[in-house]
Amino acid sequence: MTADAARVRLAHTGDETVAEELRTTAYVRYLRQSKAGPVAAGDKWSEVVLDGCGRTTPVTLTVRAVEHGQRIGPETEIEYERTNH
């Protein structure tokens, strides 16, 4: 059995509004549940986030680093950095 990662760092393509939504407790919980399992640097996920007033924005999340484990679990910390592509 592989260990849950302590931390996963993701790059995102969104603006500051998107960044704020990605950091909410609800969105982090969603990612932990929907992406539970093996994860590796370079993985890309196409997601949608709320952008205020009921609008949504597509965003690409790219796994930049996985620390101290090989899978996303219920306690894995999620960190973000912004990318322009």
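## Y30 in helix α2

In this predicted model, Y30 has its place in helix α2, and with a relative accessible area of 34% the residue is partly exposed, because that value falls between the 20% under which a residue is buried and the 50% over which a residue is exposed. Along the chain, Y30 and G52 are 22 residues apart, and their C-alpha atoms are separated by 18 Å.

## Fold and overall dimensions

The helix that holds Y30 belongs to a chain whose secondary structure comes to two helices and six strands.

Taken along the principal axes, the box filled by the C-alpha atoms is roughly 45 × 25 × 15 Å. Among the contacts in the chain with a separation of 6 or more, 72% are accounted for by residues 24 or more positions apart.

## Surface and charge

Of the 85 residues of the chain, 35% count as buried. The chain exposes about 5,200 Å², and carbon and sulfur atoms supply 48% of that area. As for charge, the chain carries 11 positive and 13 negative side chains, and the centres of these two sets lie 3 Å apart.

## The nonpolar core

The largest nonpolar core has 17 residues, and V8, L10, L61 and Y80 are those with the most contacts inside this core. Two or more residues are given to this core by each of the elements β1 (7-12), α1 (16-22), α2 (25-34), β3 (44-50), β4 (56-67) and β6 (77-82), a list that takes in both helices as well as strands.

Y80, one of the core residues with the most contacts, touches L10, H12, L22, R23, Y27, V28, L31 and L61 when residues up to four places away in sequence are not counted. Two of these partners, L10 and L61, are themselves named among the core residues with the most contacts.

Leaving aside neighbours within four places in sequence, H12 is in contact with V18, A19 and L22, with V59, T60 and L61, and with Y80, E81, R82 and T83.

W45 lies in strand β3 and, at 11% relative accessibility, likewise counts as buried. Its partners, apart from residues up to four places away in sequence, are L10, K35, V39, V59, T60, L61, V63 and I72; among them, V59, T60 and L61 are also contacts of H12. W45 and T57 are 12 residues apart in sequence, and the distance between them from C-alpha to C-alpha is 14 Å.

The C-alpha atoms of D15 and V59 are separated by 9.6 Å, although the two residues are 44 residues apart along the chain.

A40 lies in the loop between β2 (37-38) and β3 and is partly exposed as well, with a relative accessible area of 37%. Once neighbours within four places in sequence are left aside, A40 is in contact with V63 and V66. A40 and T62 are 22 residues apart in sequence and 9.7 Å apart in space, C-alpha to C-alpha.

H68 has its place in the loop between β4 and β5 (71-72), and at 69% relative accessibility this residue counts as exposed, since that value is over 50%. The phi angle of H68 is near 60 degrees, a positive value in a residue other than glycine. Most residues other than glycine have a negative phi.

Notes: Residues numbered from 1 in each chain as written. Predicted model: local features only at pLDDT ≥ 70, side-chain atom pairs only at ≥ 80, totals over all residues. Heavy atoms only, no water. Helix = DSSP H or I, 4+ residues; strand = E, 2+ residues; numbered from the N terminus. Buried < 20%, exposed > 50% of the residue type's maximum accessible area, 1.4 Å probe, protein only. Contact = heavy atoms within 4.5 Å. Areas by Shrake-Rupley, 256 points an atom, 1.4 Å probe, with all protein chains shown as cover. Lys, Arg positive; Asp, Glu negative; His and termini not counted. Charge placed at Lys NZ, Arg CZ, Asp CG, Glu CD. Core = buried A, V, L, I, M, F, W, Y, C linked by side-chain atoms within 4.5 Å.
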